[in-house]
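Subject: Handing over a structure

Hi,

Here is the structure I promised to pass on to you. My notes on what I found follow just below.

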Amino acid sequence: MFHPSHTLAGKDEVPLMSKKEEAPLPDKYDNFNEWYNEILQKAELVDLRYGVKGFIVYRPNSMTIIRQIYRLFENELDKCGHSPCLFPVVIPLEFFEKEAQHIKGFLEEVFWVTKAGEHELNKPLVLRPTSETAMYPLYSLWIRSYRDLPLKLYQSNAVYRYETKATKPLLRGREFLWIEAHCAHRTKEDAERQVLEDMEIMSRVLHDILGIPFLLLERPPWDRFAGANRTYAFDVLFPDNSILQIATTHILGENFSKAFEIMFKDEDGKLKYVQQTCFGIGISRILATLISVHGDEYGMVLPFDIAPFQVVIVPILFKESGGLVMDKCKEIRKRLCERGYRVILDDSDDRPGAKFYKWELLGVPVRVEVGPRDLEKGVVTLFRRDTRERLIVEDGMLEGKIEELRSDILRVLRRRGEARLKKCLKEVKNRSELLEVARKREGIIRMAFCGREECADEIKAETGGFEVRGIKVGEEAGELGVCAACGRSATQIVYVAKPY
Ligand SMILES: [Zn+2]
């Protein structure tokens, strides 16, 4: 009798499907845009038909992943002594205007609420593009003494920005999901430690759990967050060699505490301004990154710990053995649920091939297939999504093997991502090399730089949009020589890339 798990001449063969059905998506490196748009649609992640530019509908298949991403970061923030809060979505104009640099940076892209019912509002309201100016007036009421510090709050919310650049689902929208953490500290040193803690949180989630390689860069002065003294950003490389900023953490110094009069009485009895930091984690963008960095022509490939379903069980049913197979599947589901895994048993009427296709598209890391021959032999067939390999495992070894796959899948995904980032890092020594790498869109450029904004502007103009993204945190500059772009003496090593 025909049985899929017994006809595995090649490991990648999925015998119940035709070749054409096997790979539902194009190669993401050949045509990333097409791949990205297709995966969003075929995996039913988001719907773009809402009809308001820059606003998308998150369907259950994306929202369940987003919930997991939120959970990871919220757990980390909680562990580091942050508390959750939620401020209103509207900000009164007089709050929004208080910090001069901040309003300058955001004024062009805010949505206004100016009318309610038939009446014009006396005071227009701003839909939050970020919440500094919503939260800090309250911070000035709550903080009185050094005993109130540090104050570490975060909120998980949506923010609104009237993007004028082309919008792209999850990457650049006019509404997006994020977490923003806002801290008030007693000293500059405490603020600096906070920024290091933010970096560690990002690294623990991105590297340790999601297997996503990143560059941690200090942004140049002209590219800082509006109102910040220093901005550190996490950039990730996409399959089309563009890069995406997925998180930032900022030292705000006393810029906002002076504007909002957030003061505390220190131990020495003196009134002082608090030292502030803020930290933004782009949840929508991290979802886009997970999809794009790990995905392939069969769909998403999710690391085990983030997957809404970590294991899918697919019964291979035949009339005479259907009951036994289904009993076994239910027993396995029970065993795996008891181990704490998120498991789904696909007992729908679809053919096994259709089930394989569906759950691969959704990136479920491990599939368990149970057929009558497996039952006879006391084994089950496992399929790992990252390498698309099948392996036969003795029934009693199932839990152990899945636990092994949990870390091995992550290791494989991380290694792949890191190898690609390394391959796409291009060292350039002079202008012609710089222009050549930019023209071919080969990846991220590493070069000696003079530190001048005019030079960065020239690079951007001549390369069709490559930006000086900043200095890598913790990297020693070494021998500098001259700026690869302009030939003046260099002051730093920078990374230059084309952002979305
Ligand atoms: Zn230069």
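**The zinc site**

The zinc ion has four protein donors, Cys 450 (SG), Cys 455 (SG), Cys 483 (SG) and Cys 486 (SG), lying 2.3 Å from it. Donors here are N, O and S atoms within 2.8 Å of the metal (3.2 Å for Na, K and Ca), and water is not among the atoms, so sites may look incomplete. The angles among the four donor atoms run from 103 to 116 degrees, and the site is tetrahedral. That label is given to four donors if all angles lie between 85 and 135 degrees. Along the chain, the donors follow the spacing C-x4-C-x27-C-x2-C. Cys 450 sits in the loop between strand S21 (444–449) and helix H15 (453–463), and Cys 483 in the loop between strand S22 (467–472) and strand S23 (492–497), so the pair ties together parts that are 33 residues apart in sequence. Helices (H or I, at least four residues) and strands (E, at least two) are DSSP runs, numbered from the N terminus. Both Cys 450 and Cys 483 are buried; buried means under 20% relative accessible area, exposed over 50%, and partly exposed in between (1.4 Å probe, protein chains only).

Before you go further, please keep in mind that this is a predicted model, in which local features need pLDDT of at least 70 and side-chain atom pairs count only at pLDDT 80 or more, while totals for chains, interfaces and linings use all residues. Residues are numbered from 1 along each chain as its sequence is written, and side-chain values use heavy atoms, with hydrogens and water left out.

**The sheet**

Strands S21, S22 and S23 belong to an open sheet of 11 strands with mixed pairing, in the order S3-S7-S8-S14-S11-S10-S9-S22-S23-S21-S20. Strand S3 (83–84) and strand S20 (425–427) are at the edges with a single partner strand each, so one side of each is left without a neighbour in the sheet. Two strands pair if DSSP finds at least two bridges between them.

At the S3 end, S3 and strand S7 (residues 151–160) pair in the parallel sense over two bridges, and Pro 84 stands opposite Tyr 154 in S7.

Strand S9 (residues 215–218) has both faces covered: Leu 215 and Leu 217 on one side, and Leu 216 and Glu 218 on the other, are all buried. S9 runs antiparallel to strand S10 (residues 230–237), joined by four bridges, with Leu 216 opposite Phe 234. S9 also pairs with S22 in the antiparallel sense, over two bridges; there, Glu 218 has Ile 471 as its bridge partner.

What about S23: how many of its residues are buried? Six of its six residues are. Gln 492, Val 494 and Val 496 point one way from the strand, and Ile 493, Tyr 495 and Ala 497 the other way. S23 is antiparallel to S22, with three bridges, and Glu 467 stands opposite Ala 497. S23 also pairs with S21 in the antiparallel sense, over five bridges, where Phe 449 is partnered by Gln 492.

**A hairpin and two charged residues**

Strand S18 (residues 379–384) and strand S19 (residues 389–394) form an antiparallel pair over six bridges, and Val 379 has Glu 394 as its bridge partner. Four residues lie between the strands of this hairpin, and Arg 388 takes a positive phi near 60 degrees.

Lys 355 is found in helix H11 (residues 352–361) and counts as buried at 3% relative accessibility. Arg 339 lies in the loop between helix H10 (322–338) and strand S16 (343–345), and is partly exposed, with a relative accessible area of 46%. The C-alpha atoms of Arg 339 and Glu 399 are separated by 8.0 Å, although these residues are 60 apart along the chain.

**The second largest pocket**

The second largest pocket has a volume of about 310 Å³. On a 1 Å grid over the protein atoms alone, a pocket is an open set of points where a 1.4 Å probe fits, with protein on both sides within 12 Å along at least five of seven lines, and lining residues have an atom within 4 Å of a point. Of its 17 lining residues, Lys 28, Tyr 29, Val 293, Gly 295 and Arg 416 are the closest to the centre. Helix H13 (398–423) is one of the elements that give two or more residues to the lining, and H13 gives the most, with five.

Best wishes

Definitions and conventions. Points joined across faces, edges and corners; volume = space filled by probe spheres on them. Tetrahedral: all angles 85-135°; square planar, octahedral: opposite > 155°, others 65-115°.
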